[in-house]
Amino acid sequence: MGQTTPKGGWVNLMPNIVVLVKRVPDTNARIVVSGDRVDLSAVKWVISPYDEFAIETALQHKEADGGTVTALTLGPADSDKVLKDAKAIGVDEIVRVWNDTWNELDSNAIQSALAQAVTDLGAEVVYCGKTAADTGAGSTGPGVAERLGWASVSNITDASFAGGITVTTPVEGGSAKVSVSGNAVISCDKGSMKVRKPNVKGIMMAKRAQVNVVSADAPSSSVTIVSQSPPPAKPAGKKYEGGSSAEEVARLLRDEANVI
Amino acid sequence: MSESVIIAETSKGSIAPVTAELVSAAIALGTSPTVVVPCTDASIADGAGYDGVSRTIAVKGDCFANYDASSWAAAIDAAAPSGIIIAAATPQSKDVAARVAARRGLSIVQDVVAIDGMNLTSPIYSGKAMQTVSVSGDAAVSVRANVFPAASSSAANVSVVDQSGDVATAVQEIIARASERLDVAEANIIISGGRGMGSPDNFSHLEKIADVLGAAVGASRAAVDTWDEIPHSMQVGQTGKTVNPNLYIAVGISGAIQHLAGMRSSKYIVAVNKDADAPIFSHADYGIVATWEEALPVLESALSSMMS
Ligand SMILES: Cc1cc2nc3c(=O)[nH]c(=O)nc-3n(C[C@H](O)[C@H](O)[C@H](O)COP(=O)(O)OP(=O)(O)OC[C@H]3O[C@@H](n4cnc5c(N)ncnc54)[C@H](O)[C@@H]3O)c2cc1C
Ligand SMILES: Nc1ncnc2c1ncn2[C@@H]1O[C@H](COP(=O)(O)O)[C@@H](O)[C@H]1O
């Protein structure tokens, strides 16, 4: 990120960039519940879709300002694959934070451990996904930022890096161009950026890449999973043939559903 | 009774209706809520009085002129009492609630759609499953709209706290949405078009119905990806917006799992599709097997005469 020298010129301190990536079931996967837990034994695992935009934004930041991009995940050893996928796309370093005593961490624990890992890595800016495809929460970016005492901007749809970081983020009635000074966590939506795909060289390099496994502390969880279940089945709807039935449907929306 | 803090939802300078639903959620949690209103003008807090709420705090600060997550969280945290934090599950309130929770070292449970004691249920895997968690001690909770009944309004007992946080980001430019149309994320009724609309020009047929209903116009990803005229901001689904309206009308949309992920929790779903076997029909309360060319003019005239 740029910093003014006493003479007023710009020098670029090469940023140490971290991108958070999470392993999730492919969004096409069928989610099966057995007993009172989701059974994920048969799903294909991928990088959470919005994290791909985070990787792309991080790589564009590096291309503008230099520095390094480290992909960081919190998870057990089977998360190494998404780190290698990130490596194949072009990140420099891959780091996994884990502690074998961890099990079903809540958001407080996940954010604390990630914040500690980000600090240990000496990062100045963190990119992450807007929401993870499993939790759908959108808590991690702002939560990690708060724990680091950093700024955060969420759900960005565009970014530019001329003279500092400027991002586009939704606001009421439209969107805003916002400049970020200092350290920040930025969560990425699908925007105008096209994500790059791994090339053959990247895939070869990723095969040989070593995952750096680090440890961190996490407070004990105060939120525990009671059960997981299939979504409530909807009663069968009514189905009509032909465009003229739209009149009857309009009437039902008023008289039966009471929604208009 | 334990305490809770409701972060009021504001829109266009007044209290948004979902705030009244948060009061019912707080009561379902067995808590006694204080409503906190982030604002630049404390008078808007007069609209944040509800049966069951004994205290409303207007947190007044310059930082609330524009959204900056860090300063909002600092100012709200400083003014709000302790207790369970409850916010609406809108993108901005989920974000600020996550920061307030982190400031207090609390966990957060987002997008809650059911409350049973301290057991909270939210969708996971884009609504392909539901998860119930139990919460011990304080936490932050965001609650989806249209789930809990609205508490009745009553006179607000407002105290004003001047509180500012250091703003960490600076707005350079606000880019107004090209059309004055409602955003799908803010709408109670949505009519969306898919690739079956054939061309972006045909979205004007959806806009006409949207105007009759006061609805927003949405789109499938295939429509957004195929036609430059249909912006990503209209996209509903896994990589678009998650919506939870009272009524969702899907026109020329097949009902792919990633589209369903963004709209399946809508209270009522209407589908118009020429293919009787389109998957969207298994999720529709009212399905019309017809081309949109046949169905939309009929729908528009029926709705117009009902609404006039
Ligand atoms: C990682 C990932 C993320 C994705 N995220 C999203 C997302 O956020 N949102 C999303 O929508 N999709 C998303 N998709 C894409 C999704 O899988 C589907 O491809 C997409 O939803 C299909 O859009 P559609 O229904 O408009 O088009 P199609 O599948 O092409 O369906 C068109 C429908 O229109 C009907 N039709 C045709 N002509 C007419 C007519 N004249 N009148 C009436 N009906 C007609 C057809 O019978 C058909 O059912 C995602 C996919 C992936 C892999
Ligand atoms: N266990 C994790 N490891 C690495 N990154 C994570 C993890 N959990 C969440 N994230 C990041 O935070 C984003 C939002 O996650 P969530 O708050 O769960 O919706 C994800 O898209 C990731 O970028």
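Strand 9 (residues 119-124) of chain B pairs with strand 10 of chain B in the antiparallel sense, over six bridges. Two strands count as paired if DSSP finds at least two bridges between them. The strands themselves are DSSP E runs of at least two residues, helices are H or I runs of at least four, and both are numbered from the N terminus. Within this pair, Ile124(B) has Ala129(B) as its bridge partner in strand 10 of chain B. Four residues lie between the strands of the hairpin, and Tyr125(B) takes a positive phi near 50° there.

This is a predicted model, in which local features need pLDDT of at least 70, side-chain atom pairs count only at pLDDT 80 or more, and totals for chains, interfaces and linings use all residues. Residues are numbered from 1 along each chain as its sequence is written, chains are lettered from A and ligands numbered from 1 in the order in which they are written, and side-chain values use heavy atoms, with hydrogens and water left out.

Six bridges join it to strand 17 (residues 223-229) of chain A, and the two run antiparallel. Here Ser227(A) stands opposite Thr132(B). Strand 10 (residues 129-135) of chain B is largely enclosed by the rest of the structure, because six of its seven residues are buried. Buried means under 20% relative accessible area, exposed over 50%, and partly exposed in between, with a 1.4 Å probe and protein chains only.

Helix 2 (residues 69-79) of chain B is another enclosed element. Nine of its 11 residues are buried, so the rest of the structure largely encloses it. Among the buried ones are Trp72(B), Ile76(B) and Asp77(B).

Four strands form it in the order 12(A)-13(A)-14(A)-13(B), with antiparallel pairing. Strand 12 (158-160) of chain A and strand 13 of chain B stand at the edges, each with a single partner strand, so one side of each is left without a neighbour in the sheet. From one strand to the next, the twist averages 25°. Axes for such angles are lines fitted to C-alpha atoms, for helices over the stretch in contact, and angles run from 0 to 180 degrees between N-to-C directions. Seven bridges join strand 14 (residues 174-180) of chain A to strand 13 of chain B.

Thr169(B) belongs to strand 13 (residues 169-176) of chain B. Its bridge partner is Val180(A). Thr169(B) is buried, with a relative accessible area of 10%. Leaving aside neighbours within four places in sequence, its contacts (heavy atoms within 4.5 Å) include Ala151(A), Val178(A) and Asp68(B). With Asp68(B) there is a polar contact between side chains, at 2.6 Å. A polar contact is a pair of N or O atoms within 3.5 Å; within protein, one must be able to donate a hydrogen and the other to accept it, and residues adjacent in sequence count only if both atoms are side-chain atoms.

Last comes the ligand. Residues from chains A and B surround ligand 1, so the site is shared between chains. The shell holds 26 residues, with Ser220(B), Thr239(B), Ser254(B), Gln258(B) and Asn273(B) the closest. A residue counts as near if one of its heavy atoms lies within 4 Å. An oxygen atom of ligand 1 is 2.8 Å from a polar backbone atom of Arg195(B). A backbone N or O atom of Gln238(B) lies 3.0 Å from an oxygen atom of the ligand.
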